[in-house]
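Q: Could you take me through this structure? I have not looked at it before.

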Amino acid sequence: MKLKLILLGFALASVTLVASSNIAQAQCPHKKIVPPVPQTRIIRQEKLGYRFSIPNNYRTMAFRSDQLLVLDPNSFAEAQCLVKNKVPTELPNSITIYIKSVNSRNRSLANVIKQDNPTADKFENIKVANQTALSYTSDTLGFNKNVSFFTPKHTHLITVSVPFEIEEGRPTNIFNKEVFDKVISSFTFVR
């Protein structure tokens with residue numbers, strides 16, 4: 001009998017958690033992506049000495065200690081609401097800048113990436129901030145386009161990532177490609 005009461009209590013608690021989660025999620029409606037304006041502004045990260053540009057109408061949001069999200073105004077409001085209400089769901093699609101401390105020990109950029117992301121594929125050498133970078137796809141937490149490069153002293157790996165849009169279960173276009181390209185092309189290190 002005690003076991004039935006415990007299980008009944010657990011079941012009722014679970015229903016309450018799901019119901020409150022659904023209510024909080026309903027308070028954070030998903031709206032259409034706002035197109036970027038042509039005017040830009042500079043985002044600076046003083047600790048690692050880098051900067052990049054985003055459209056004037058877009059916002060950034062620090063997430064965890066190692067991520068910076070670039071979001072359109074509607075997605076920014078939705079993300080803020082989801083975090084505030086502690087809704088257990090994914091944040092809206094964004095361009096995400098990941099920072100990871102590394103000890104490269106003469107390892108190549110490709111080796112460091114492959115160690116962290118075994119699904120990395122379709123590598124292409126490019127230049128970002130006047131240095132070597134790798135562009136690649138990955139399928140770790142969804143299908144993404146990524147660009148990774150070291151900081152000038154090789155102490156950190158910076159990865160700019162954006163999801164692909166999915167149609168019929170297959171990746172198609174890069175989400176918000178214009179803004180992703182702006183972030184990559186404007187990335188610089190201030191020494």
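Predicted model: local features only at pLDDT ≥ 70, side-chain atom pairs only at ≥ 80, totals over all residues.

A: The protein chain has an average pLDDT of 86, and 86% of the residues score at least 70.

Q: Where does pLDDT stay under 50?

A: That applies to residues 1-21, for which the model has 2 contacts beyond four places in sequence.

Q: On to pockets: how much space lies in the largest pocket?

A: The largest pocket holds about 1,100 Å³ of space. Its lining comprises 37 residues, and Q67, T96, Y98, L141 and N144 lie nearest its centre.

Q: Which element gives the most to that lining?

A: Strand 9 does, with 7 residues. Other elements that give two or more residues include helix 2 (73-84) and helix 3 (109-116).

Q: And what is the lining of the largest pocket like by class?

A: It has 17 nonpolar, 14 polar and 6 charged residues.

Q: What about the second largest pocket?

A: About 220 Å³ of space lies there. Among its 15 lining residues, Q45, L48, S65, D66 and I99 lie nearest the centre. Strand 5 gives the most to this lining, with 4 residues.

Q: Changing topic, how many aromatic pairs are there?

A: The count comes to 9 aromatic pairs. In one of them, the rings of F187 and F189 have centres 5.9 Å apart and planes at 65°, which is over 60 degrees, so this pair is edge-to-face.

Q: Are F187 and F189 buried or exposed?

A: F187 is buried, at 1% relative accessible area, and F189 also counts as buried, at 12%.

Q: Which cluster do they belong to?

A: Ring pairs link F187 and F189 with Y50, F52 and F149 into a cluster.

Note on methods. Residues numbered from 1 in each chain as written. Heavy atoms only, no water. Phe/Tyr/Trp six-rings, centres within 6.5 Å; stacked < 30°, edge-to-face > 60°. Buried < 20%, exposed > 50% of the residue type's maximum accessible area, 1.4 Å probe, protein only. pLDDT = per-residue confidence, 0-100. Contact = heavy atoms within 4.5 Å. 1 Å grid on protein atoms, 1.4 Å probe; cavity = no way out; pocket = protein on both sides within 12 Å on 5 of 7 lines; lining within 4 Å. Points joined across faces, edges and corners; volume = space filled by probe spheres on them. Nonpolar A, V, L, I, M, F, W, Y, C, P; charged D, E, K, R; others polar.
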